[in-house]
Amino acid sequence: MEQLKREGRIVVVGASLAGLRAAETLRAKGFVGSLTMIGDEPCEPYDRPPLSKGVLLGRARADRTALPRLRSVDATWRLGVPATGLDMAARRVRLADGDEVPYDRLLIATGVRARPWPREEEAELDGVFVLRTREEGSALARRLDEGPKRVLVIGGGFAGSEVASACRERGLPVTVAERGAAPLVGALGGVVAAVAADLQREHGVDLRCGVMVTALEGDASGRVRAAHLSDGSTVETDVVVVSLGALRNTEWLSGSGLGAGPRGIACDAGCRAFDIRGIVTDDIYAAGDVARCPHPLFGYQFLSLEHWGNAVAQAGIAAHNMLSESIDRLPHMDVPAFWSSQFGVNIKSVGVPSMATEILISQGSLDSRRFVGVYGYQGRVIGAVSFDHGRWLPFYQELIEKTAPFPPQFATVDRHPDGLRPVDADFPDPSVPSHGPTVTLSGYSPADRRITFTPAH
């Protein structure tokens, strides 16, 4: 029986980070059957984080961001042809060119795409960009090279803040419009977001919080020239970067019977996908940004993670379990981790800060912009964030893994007096969308397709 697991036909839909690392793991673990990689982009897998960092700064070219190959995957590559449907009964993936690809086991790693500006005629104005793909990164970098008079970034999440940082490093005037109280507030809470807001303003960003862009205006030639805001103000701009978060690529699974919806594909802790009745499948798996899995450390809530490290770890678990009998399968237990570099500061986080109700500044100080904040939920450590203090995060990750009590029961030599007691983490009402949380708590039921936030408190 074990031999059968190493043979047969495995199809991977999604030829990006998670798909590539899963394929490499399958081969490394002895899979000798046929392997087909299906991807909607025409190029082979590439790295996305440099697009909002090095590429926009002119330090890297978008076409030089290919992911390194850890080993040969000996696969049939079907690139530039999106999957359009899934027949679970016949075990076939339908492609946009009319072809069908049969499988014995299927891994779905279709990831996310950038959420577009909602008004199509405004989104098509020359100078309006989103940033997710290699082509989008190249196009935006070329436009920034031309020296626009002002860049407007709509959304102050991590991606939007990184774009704003790159613009300021280039010396370009930039306005950030964020409907929340501060940038990063949905991901890190109001206490830390206030530091991020000060950081942006000190670096010359025209930061507008508590406002929404109501319309984009073009000139007679079809180029964007201004944006109108909900407070009645107008921002004259010739480049707009729409950074309103991501949409999970699950539409192609509509009607398939798989438990897929706007928040991703529901899976068990071993990355096996559920069907719409909440019954786990045995031949379909999901990994990366498109998957949502229950996590034992976080109350078994389904977590959707838009993290580079999670895509790699989850791909490895999915690949292992695709080749294993039930007794040998492993759960995906990695603690979420994330990093960002903006305005000269290295921001790192572990755990699920957005689940917290309290925060304690355990090391350093908010005023110095060099600190560690520990997040608490129901009396236990649930997450941590560092600003230029990342060397301590492995310690806090261990506290999360041990379900250590909150506030932490230890003293530190550099604890600031303000950090001696926890304060409200000040997350926005989770029922009101905000830009940029990279972890989504999406409830308990694998068959629940409603797009509502589960309140953290």
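**Strands and salt bridges**

Strand β4 (residues 83-87) and strand β5 (residues 92-95) run antiparallel and are joined by 4 bridges. Strands here are DSSP runs of E with at least two residues, and helices are runs of H or I with at least four, both numbered from the N terminus. Two strands pair if DSSP finds at least two bridges between them. This is a predicted model, where local features need pLDDT of at least 70, side-chain atom pairs count only at pLDDT 80 or more, and totals for chains, interfaces and linings use all residues. Residues are numbered from 1 along each chain as its sequence is written, and side-chain values use heavy atoms, with hydrogens and water left out.

User: Which residue in the turn of the β4 and β5 hairpin has a positive phi?
Analyst: Leucine 86 stands opposite valine 93 in β5. The hairpin of β4 and β5 has 4 residues between the strands. The turn residue with a positive phi, about 55°, is arginine 91.

User: Which strands stand at the edges of the open sheet of 5 strands?
Analyst: The order is β9-β16-β10-β11-β12, with parallel pairing. Each edge strand has a single partner, so one side of each is left without a neighbour in the sheet. The edges are β9 (128-129) and β12 (206-209).

User: In β15, what is the bridge partner of alanine 227?
Analyst: An open sheet of 3 strands has the order β13-β14-β15, with antiparallel pairing. Its edge strands, β13 (213-218) and β15 (234-236), each pair on one side only. Strand β14 (residues 224-229) is joined to β15 by 3 bridges. In β15, the partner of alanine 227 is valine 235.

User: How many salt bridges does the structure hold?
Analyst: Side chains of opposite charge can pair when their charged atoms come close. A salt bridge here is a side-chain nitrogen of Lys or Arg within 4 Å of a carboxyl oxygen of Asp or Glu. One network links Asp126, Arg143, Glu146 and Arg223. The total for the structure is 25.

User: How many residues apart in sequence are the parts tied together by glutamate 251 and arginine 113?
Analyst: The closest N and O atoms of this salt bridge are 2.8 Å apart. Glutamate 251 lies in the loop between β17 (246-248) and β18 (260-261), and arginine 113 lies in strand β8 (residues 112-114), so the pair ties together parts 138 residues apart.

User: Is aspartate 289 buried or exposed?
Analyst: Aspartate 289 forms a salt bridge with arginine 132, with the closest N and O atoms 3.4 Å apart. Buried means under 20% relative accessible area, exposed over 50%, and partly exposed in between (1.4 Å probe, protein chains only). Arginine 132 is partly exposed at 22%. At 12% relative accessibility, aspartate 289 counts as buried.

User: What is the relative accessible area of arginine 69?
Analyst: The side chains of arginine 69 and glutamate 44 meet in a salt bridge (2.2 Å, N to O). Glutamate 44 is partly exposed, with a relative accessible area of 40%. Arginine 69 is also partly exposed. Its relative accessible area is 38%.
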